Amino acid sequence: MLLKTDAVVLKQSKFGEGHAVLTLFSKKTGKLQAVNKGYKKSGGKYSVGTQPFCYGEFVLFKGSGLYQISQVDLKDSFYKLRENVIKLTYASYILELTERMVTEGQTNNRLFYTLLQFLHIFSNFHKEYETLIKAYELKLLMYSGYKPEMNNCVHCGNNYKEKIKFSVNEGGILCESCFREDSYAMQISKVTINVMKFLMDTDLEQISKLKIKPNVLKELNKIVKEYIYTYIDKKQFKSLQFLESIKE
Ligand SMILES: [Zn+2]
């Protein structure tokens with residue numbers, strides 16, 4: 001069986017003697033694993049386009065086992081992501097997060113194009129990285145069916161008044177009369193609510209021009225981090241741990 005599809009390389013791992021197995025986010029069938037035979041051979045036919053971040057058109061062959069790569073037509077390697085270690089680490093985190101979220105055999109075209117757009121903008125980006133990272137995280141949650149409710153109280157459906165909290169467990173904001181529903185609900189300001197809505201509803205290109213105030217970013221970071229840890233069954237991201245260690 002032959003499969004021809006656009007895909008982004010999310011991960012590359014060693015596989016036996018001189019082979020590699022790639023985890024791809026494909027447009028046609030979501031996450032898939034494909035063996036890249038003989039990737040180590042110098043000038044090997046398939047060594048171009050098989051590094052993480054590479055985007056191209058893949059021709060894959062499937063026999064009885066895993067897919068095998070028979071051809072790659074590289075469209076973009078996003079090489080500028082490697083221009084500094086912080087940028088590369090953030091970008092690696094985005095791949096790790098995406099890999100965790102996409103499912104085998106299930107397309108997610110909105111996320112696929114958002115990832116491509118993210119890689120494109122981020123590779124040419126030189127400002128505060130966190131804004132784009134938060135935007136991608138929120139879009140990823142939204143396109144994976146975990147959009148937080150930010151307009152009305154997630155518990156009773158009423159419009160919120162003055163006091164509001166954010167409940168990770170309930171999946172959105174809580175009005176004051178519903179605070180008791182979740183004793184772990186977190187403080188959230190109205191500015192942060194509006195920023196979250198903006199990040200979910202606005203195109204990444206426009207978001208890249210936005211500057212978020214440090215205190216809002218701090219609140220946002222805390223909420224999104226908790227949200228991801230709750231809805232994505234993973235507590236550790238290697239790339240994030242590394243980032244923490246070099247930031248110290
Ligand atoms: Zn309520």
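Tutor: Valine 85 sits in helix α1, residues 85–101. Helices here are DSSP runs of H or I with at least four residues, strands are E runs of at least two, and both are numbered from the N terminus. This is a predicted model: local features need pLDDT of at least 70, side-chain atom pairs count only at pLDDT 80 or more, and totals for chains, interfaces and linings use all residues. Residues are numbered from 1 along each chain as its sequence is written, and side-chain values use heavy atoms, with hydrogens and water left out.

Valine 85 counts as partly exposed, at 46% relative accessibility. The classes are simple: buried is under 20% relative accessible area, exposed is over 50%, and partly exposed lies in between, with a 1.4 Å probe and protein chains only.

Now glutamate 99. Its side chain meets that of lysine 31 in a salt bridge, 3.3 Å from N to O. Glutamate 99 lies in helix α1 and lysine 31 in strand β3 (residues 30–36), so the pair ties together parts that are 68 residues apart in sequence. A salt bridge needs a side-chain nitrogen of Lys or Arg within 4 Å of a carboxyl oxygen of Asp or Glu. By this rule the count is 6. Glutamate 99 is buried at 16% relative accessibility. Lysine 31 is buried too, with 15%.

The loop leading from β5 (67–76) to α1 holds phenylalanine 78. Its phi is near 50°, a positive value in a residue other than glycine. Phenylalanine 78 is buried at 5% relative accessibility. Phenylalanine 53 also has a positive phi, near 85°. Phenylalanine 53 is in the loop between β3 and β4 (55–62), and it is buried with a relative accessible area of 4%. For context, most residues other than glycine have a negative phi.

Next, phenylalanine 122 in helix α2. It is buried, with a relative accessible area of 0%. Its contacts, leaving aside neighbours within four places in sequence, are Leu81, Lys87, Tyr90, Ala91, Tyr129, Leu132 and Ile133. Contact means heavy atoms within 4.5 Å. Between phenylalanine 122 and alanine 91, 31 residues apart along the chain, the C-alpha separation is 7.9 Å.

Isoleucine 121 belongs to helix α2 (residues 109–123). It is buried as well, at 8%. Isoleucine 121 touches Leu132, Leu204, Glu205 and Ser208, not counting residues up to four places away in sequence.

Helix α3 (residues 129–143) holds both glutamate 137 and lysine 134, 3 residues apart, about one turn of the helix. They form a salt bridge, with the closest N and O atoms 2.7 Å apart. Glutamate 137 is buried at 3%, and lysine 134 is buried at 5%.

Glutamate 162 and lysine 190 make another salt bridge, 3.7 Å from N to O. The pair links distant parts of the chain, 28 residues apart: glutamate 162 is in the loop between α3 and β6 (164–167), and lysine 190 is in helix α4 (residues 190–201). Glutamate 162 is exposed at 64%; lysine 190 is partly exposed at 34%.

Last, the metal. The zinc ion is coordinated at 2.3 Å by the SG atoms of Cys153, Cys156, Cys175 and Cys178. Donors are N, O and S atoms within 2.8 Å of the metal (3.2 Å for Na, K and Ca); water is not among the atoms, so sites may look incomplete. Along the chain the donors are spaced C-x2-C-x18-C-x2-C. Angles of 106 to 114° among the 4 donor atoms make the site tetrahedral. Four donors count as tetrahedral if all angles lie between 85 and 135 degrees; four count as square planar and six as octahedral if opposite donors are over 155 degrees apart and all others between 65 and 115; anything else is irregular. The ideal angle for four tetrahedral donors is 109.5 degrees. Cysteine 175 and cysteine 178 are both buried.
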